[in-house]
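Take a moment to look over the model below. Then follow the text from one contact to the next.

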Amino acid sequence: MINTYQINISGQVQGVGFRPFIFNLAKKMRLKGFVSNDGNGVSILIQGEKPNIEAFLSMIEQSKPQNSRIAKILFEEIPTQQLFDTFFVKPPEENIIPNIPLTPDFATCARCEKEIFDSRNRRYFYPFTTCTHCGPRYAVTLKYPFERENTSVARFEMCPKCRREYVSPNHIRFHSQTNSCPQCGVNMKFTDNKGVVLERDNKRIFELAAEKLSEGKIIAVKNTSGYLLLCDASNKKAIGSLRKRKMRPCKPFAVLFPSMDKISEYLHVNDCNMRSFLSPESPINIIPIKDRKNLAVSEICPGMDCIGAMFPYTGMLKLIAKTFEKPFIATSGNVHHSPVCSSETEAVLALQTIADYFIHHDLEILHPQDDSVILFSAKHQQKIILRRSRGLAPNFFFSDELEVKNRDKEKILCLGSDLKSSFCAVPNHHCYLSEYIGDLSNYDTFLRYEKTIRSYRHIFSFRPQIILSDKHPLFENVQVKHSFPNVKEHKIQHHEAHFAAILGEHRLWESDKAVLGVVWDGAGFSTKDEIWGGEFFVYHKGVRSFSHVAQLDKFAWILGDKMAENPKISALSISANDPYLKPFFQENEWLFYTRQIEKRQVVTSSVGRLFDAVSFVLGFNRTISFEGEAAMYVEKMARSAFFVSETTFTDYLPEEKYTCDFSAKNLLLNIIHDLSRHKPETVALNFHYTLIKMIEKIAVLNGMEAIAFSGGVFQNSLLVDLAIDILKPEFELYFHENISPNDENIAFGQLNYYLNMIKQR
Ligand SMILES: [Zn+2]
Ligand SMILES: [Zn+2]
């Protein structure tokens, strides 16, 4: 007896080889019918005997393609109207509005890698070799369903050989939408910075690149997610010119290591790093240096003891690594604070004064992205995402909660924050948390932000019914509201959004335990004369607002943004003009600053500025050249003391047990005092320890059982390790793992706050 079933599979099931998988499975099990991509994922009509169909269903779960993620499988028996005599892949309907995750870019798989290194293979030295398991997806997608004609690969018509692979059920490129080869695919060229083409042959291009890198030249390479700037990581002079030309004096550069063996020669890699490099996301990992060997470490990451290590994750990078054989710098192809370049015109214009040579190609990148950056804390291997981008963005798997909390299917756009911008869109049943876009005070970055929102509007035919934004009156991102006249609006406080983000990530909204939120960062708007950054909130299930239970004692915020650039100003303000600091200021500076501080026109509870102040008294006596530099200085110093055996900690908190006086001033003065007795490394470590004891005290005083952490300060992996050491025995701890603790999570937090607090009121 033949039965017919309709099966619908939702989740990350397009662009991951799902249809070929279903096709082959059905063929093997002698079932008939068809499979097709639709707006909700993959739809299957299957005919056969009932036990066979049941076996088929369980095989889908068991042996699904490696990069797929099934959210739901729905199936029902339907009347048999027509008997099929085969199983086939049916083309999708026209004009579908997708209700599925946007498939992210995947690192090149091992099989494709083997082909590009095999001189007998026709894809030898062809960097755009991909299959159903690997290659760019989001980067080349114009709209959904994920079909070749909806991507920028469409303009390359498959040659007969590629076509044959595409239609052969047993081939890894059966229904591979991005399939191409040197015969029919993407063309490359190697040019100088005047635009003169020096080479067009793929193999020669890579040999030439290796030659030029060895000569100390800087090359801008169009990867599949945007341009990267490369130079020899052992060549001080080359890195020096890259820094000068890129106007990036100190911020660390990432280094690409040609192989896993090379990475472990230079760095203390652990299993987490290895797995991460070999994953389809393959982000940059920040790893402690083991052996500097010939690396120009002081030029790569001045003053640091870790390197951002990149593994060659695309054909392009694998081939450069193969020919050059040594580690090289691989940093975003952009000018200071601008977004990463993705078109040849853009790149030539922006990078011709930085790069000596270019490798261009003619595959259009529709969604350029930076590389994602993560780290694992040294002691507890806690994962921390520092930048969520290529491979990790733009999805967030959250749909079942959205179904409950957003029953009326309201279409929502959350604008996030300005400095580390990302946005969050709810155009359907899913939550799309965009990639990191950058600092919106840069006009080009703002345009990229707008363009990415526009692209979502196009993909999903999306028009928000409500826009959520930060309370900051001067944020640039609110300008996008002009494209949506008369839309409802709601403003959400910055730190409340952070807390909502961590509650949302760990699904703590329904937790029966009250949760203490520790939200620490550099600055977030509260009122026109208060900038927050050292906040403690409590969330109880069912209560529709957070209680703000404590904060770092406020001190004066003077000179606007200049305060965050110059740690000594924070030290002066926190110490309330302590005479100890007088020798570090010129007479007129002292007079001007101290008067401003006494006026206290704007005050702050910023833990970020507290770190700045501590960095200064520990010897960081200069302005910062990138955000977080001073805090990293303190962390590095403390870390060097942390791993010394028999370390004993002391905290700088007042003795009283039942009050929580978190005076930043007393803390800083205690540190200054302690410096006369202990090494700065020990003091730095004790400072970290004090912060954790401070959290412990608040948690105990409020009778908490669970603590959740958010805000940029928790990018500090030593602080995270100490929190786990000290607080884990007593409390349940929650850190961000799938999104970044910094302002990249504000958009997601705004959505969570709205769904759980405002909408439920
Ligand atoms: Zn592959
Ligand atoms: Zn071909």
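One salt bridge is counted between domain 2 and domain 3. This model is predicted. The bridge joins the side chains of Arg639 and Asp305, at 3.3 Å from N to O. Side chains of opposite charge can pair when their charged atoms come close. Two residue pairs are also counted in polar contact between domain 2 and domain 3. Now sort the residues on the side of domain 2 that touches domain 3. Five are nonpolar, one is polar and two are charged.

Eight residues of domain 2 touch six residues of domain 3. Together the two domains bury about 600 Å² between them. Carbon and sulfur atoms supply 68% of that area. On the domain 2 side, Cys250, Met304 and Asp305 lose the most area to domain 3. Those three account for 55% of what that side buries. Asp305 is also the residue that meets Arg639 in the salt bridge.

Now widen the view to salt bridges in general. The count comes to 40. One of them links the side chains of Glu165 and Arg173, at 3.9 Å from N to O. Are these two residues buried or exposed? The cut-off for buried is under 20% relative accessible area. Glu165 has 9%, so Glu165 counts as buried. Arg173 has 1%, so Arg173 is buried too. Another salt bridge joins Lys203 and Glu207. Here the closest N and O atoms are 2.9 Å apart.

Turn next to the aromatic rings. There are 42 aromatic pairs. How are the rings of Trp532 and Phe537 set against each other? Their centres are 6.5 Å apart and their planes meet at 50°, so this pair is tilted. Both Trp532 and Phe537 are buried. Phe709 and Phe714 make another pair. Their ring centres are 5.1 Å apart and their planes stand at 65°, so the pair is edge-to-face. Phe709 and Phe714 are buried as well.

Finally, look again at Trp532 and Phe537. They belong to one aromatic cluster, along with Phe499, Trp509, Tyr539, Phe546 and Tyr753.

Key:
Residues are numbered from 1 along each chain as its sequence is written. Chains are lettered from A and ligands numbered from 1 in the order in which they are written. This is a predicted model: local features need pLDDT of at least 70, side-chain atom pairs count only at pLDDT 80 or more; totals for chains, interfaces and linings use all residues. Side-chain values use heavy atoms; hydrogens and water are left out. Contact means heavy atoms within 4.5 Å. Buried area is the accessible area (1.4 Å probe) that two parts lose on being put together, summed over both. A salt bridge is a side-chain nitrogen of Lys or Arg within 4 Å of a carboxyl oxygen of Asp or Glu. A polar contact is a pair of N or O atoms within 3.5 Å; within protein, one must be able to donate a hydrogen and the other to accept it, and residues adjacent in sequence count only if both atoms are side-chain atoms. Ala, Val, Leu, Ile, Met, Phe, Trp, Tyr, Cys and Pro count as nonpolar, Asp, Glu, Lys and Arg as charged, and the others, Gly among them, as polar. Rings of Phe, Tyr and Trp (its six-membered ring) pair if their centres lie within 6.5 Å; planes under 30 degrees apart count as stacked, over 60 as edge-to-face and the rest as tilted. Buried means under 20% relative accessible area, exposed over 50%, partly exposed in between (1.4 Å probe, protein chains only).
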